[in-house]
Amino acid sequence: MPATFTYTFDTPSYKGSSTLNAGLFINNEWVDPVDGDLIEVVNPGESFSNNMDLQRAAVLTSEVCRPPPRRRYPRSATGEAITKVAGGSKADVDKAVEAAKKAYKTTWGLKTPGKARGQLLFKLADLIEKNLDEFAALESLNAGKVYAKAKYADIGGAISVFRYYAGWADKITGKTIETNPTKFAYTRHEPYGVVVWQPLSFTYYEALLIARQGQIIPWNFPTSMLAWKIAPAVACGNTVVIKVAKPILTLDWQSLIRSHVQPSEITPLTALKLGEVVKEAGFPPGVINIVNGYGATVGQAIAEHPGIEKLAFTGSVLTGRRILKAAAETNLKDVSLELGGKSPTIIFDDADLEQAIKWAAGGIFAGSRIFVQEGVYDKFLEHFTAAAKSLGDGAGDPFAPGTQHGPQISQTQFDRIMSYIDSGKEAGARVEVGGVRHGDKGFFIKPTVFTDVTLDMKIVREEIFGPVGVVIKFKTEEEVIELANDTTYGLASHIFSENTSRAIRVAHALESGSVWVNCANSLEIAVPFGGYKQSGNGGRDLGEYALETYTQVKGVHINVGLKL
């Protein structure tokens with residue numbers, strides 16, 4: 001029997017206990033790994049308040065996971081190990097894929113009507129909602145997310161995504177095609193089969209991979225991204241293997257390819273909780289499986305698995321390139337990529353400046369190249385830096401009321417962001433606010449705003465994935481379009497202008513997969529999300545378009561009169 005472990009939360013935001021299985025979830029059973037390994041799960045910050053405690057107890061029932069000593073931690077964000085979970089191997093990947101394949105051929109896929117698949121997805125959403133507070137607490141603990149945001153945006157958003165695709169499950173249709181009087185022709189949209197989900201363990205993304213269909217997801221929204229990938233895949237009739245893995249600490253490909261295929265073991269707790277509610281919802285054995293593991297073992301095994309025919313990945317451009325290469329060198333997997341971004345935020349003279357500042361400050365992670373027209377540049381900069389400072393002052397314990405800004409996910413990501421900040425300083429950019437860590441414990445960084453930058457600086461051209469932005473002055477519409485498009489990325493863009501004609505004109509001219517006008521990062525489940533250029537390739541998340549990512553089209557020709 002695999003180990004279980006219990007967390008007791010005693011915080012202003014949530015009080016309660018969560019007991020999770022630390023093993024592998026294969027064929028609707030919690031099992032020990034074949035070879036046995038342990039993965040340490042780390043809390044990314046240091047508590048700003050020590051008057052409440054988070055207790056951890058590990059209740060172990062197997063030889064694979066030996067009990068760590070019982071100890072007490074600050075109530076959240078300790079920057080220390082939370083617990084250890086079982087780590088799988090290639091043999092466990094094979095078992096999970098076989099279970100998923102068997103389920104696809106016998107109790108799922110085209111053997112189960114879309115209506116029945118939808119009913120189970122609705123039930124899964126209901127169970128997550130029933131345990132909403134616990135899911136949010138685990139997300140905050142493991143990812144450092146502010147509790148209120150984790151509860152209402154991340155977990156609440158995931159629930160909505162599961163319900164959205166539950167409604168689509170019985171509406172996946174083909175077409176009849178007029179050809180000639182002696183033929184009846186039509187198309188079918190069929191699932192790929194086994195889908196492996198893994199969060200990417202790259203420095204700033206998690207990955208989701210699917211056996212015969214693979215997917216990869218970022219750790220910044222572990223449960224939301226899980227829903228983005230799993231819900232449409234399962235709705236379409238695929239079976240899935242969720243991989244939880246270890247972060248990559250280096251940038252060489254051997255490390256990347258071995259870690260990128262997994263639910264991130266940086267943030268595995270909500271994935272483990274999901275296994276419990278999957279079984280409770282009534283999914284047949286093998287439809288959804290969870291394999292924790294390191295990239296060098298489980299990740300590599302998934303990347304090289306001949307049974308994977310479709311891979312959907314969210315993560316870095318570097319890893320995306322390697323995935324395409326691996327796909328070409330193995331079984332020519334179909335690959336869908338949602339990669340990095342260096343998204344522009346454009347603020348024109350006629351923008352509602354108060355609103356533009358609020359949206360830009362909230363979206364500094366995604367809209368990190370901020371172009372401001374010269375007429376409002378000084379005023380914008382003054383208020384924007386004040387907003388960034390206020391955000392930094394609100395950093396702290398994710399469970400504490402009033403906290404606005406949590407820690408970075410890991411020491412590796414913290415160091416990476418700080419290296420970019422140092423690079424900007426060394427290159428001669430001016431630090432308007434921030435530029436240093438917050439406090440002396442945990443992975444906290446003060447939101448940082450640079451000015452006086454040149455277009456060749458690393459902080460202008462490379463994705464940082466942290467609270468760092470650059471503010472650049474521009475004169476004309478034509479100039480800012482050129483500046484905004486001067487990047488290898490094309491994930492998203494933001495435009496602030498009260499001139500509707502200009503806003504639409506610029507939106508159409510920008511080379512990005514999503515454009516928000518007078519708002520930022522305001523996602524809608526029914527609207528597709530994905531990037532242009534090196535930010536995306538071969539598919540979209542969300543909306544009806546995501547169904548195309550998880551189905552393949554078959555053309556059927558029936559002779560109704562032609563004689564030879």
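Rings of Phe, Tyr and Trp (its six-membered ring) are taken as a pair if their centres lie within 6.5 Å, with planes under 30 degrees apart counted as stacked, over 60 as edge-to-face and the rest as tilted. In these terms Phe5, Tyr7, Phe9, Tyr14, Tyr147 and Phe399 form one aromatic cluster. The model is predicted, so that local features need pLDDT of at least 70 and side-chain atom pairs count only at pLDDT 80 or more, while totals for chains, interfaces and linings use all residues. Residues are numbered from 1 along each chain as its sequence is written, and side-chain values use heavy atoms, with hydrogens and water left out.

The count of aromatic pairs comes to 15. One of them joins tryptophan 108 and phenylalanine 283, whose ring centres are 5.8 Å apart and whose planes stand at 50°, so this pair is tilted. Because tryptophan 108 lies in the loop between α1 (90–106) and α2 (114–130), and phenylalanine 283 in the loop between α7 (269–281) and β14 (288–292), the pair ties together parts that are 175 residues apart in sequence; helices (H or I, at least four residues) and strands (E, at least two) are DSSP runs, numbered from the N terminus. Tryptophan 108, at 0% relative accessibility, counts as buried, and phenylalanine 283 is buried at 2%, where buried means under 20% relative accessible area, exposed over 50% and partly exposed in between (1.4 Å probe, protein chains only).

Helix α10 (residues 353–362) has Leu353, Ala356, Ile357, Ala360 and Ala361 as its buried residues. Because these cover an arc of only 125° around the axis, they lie on the same side of α10, the arc being that of the directions from the helix axis to the C-beta atoms. On the other side of α10, Glu354, Lys358 and Gly362 are exposed.

Glutamate 477 is buried, with a relative accessible area of 12%, whereas arginine 505 is partly exposed at 43%. Salt bridges that share partners also join Asp126, Glu129 and Arg163 into one network.

Definitions and conventions. Salt bridge = Lys/Arg side-chain N within 4 Å of Asp/Glu carboxyl O.
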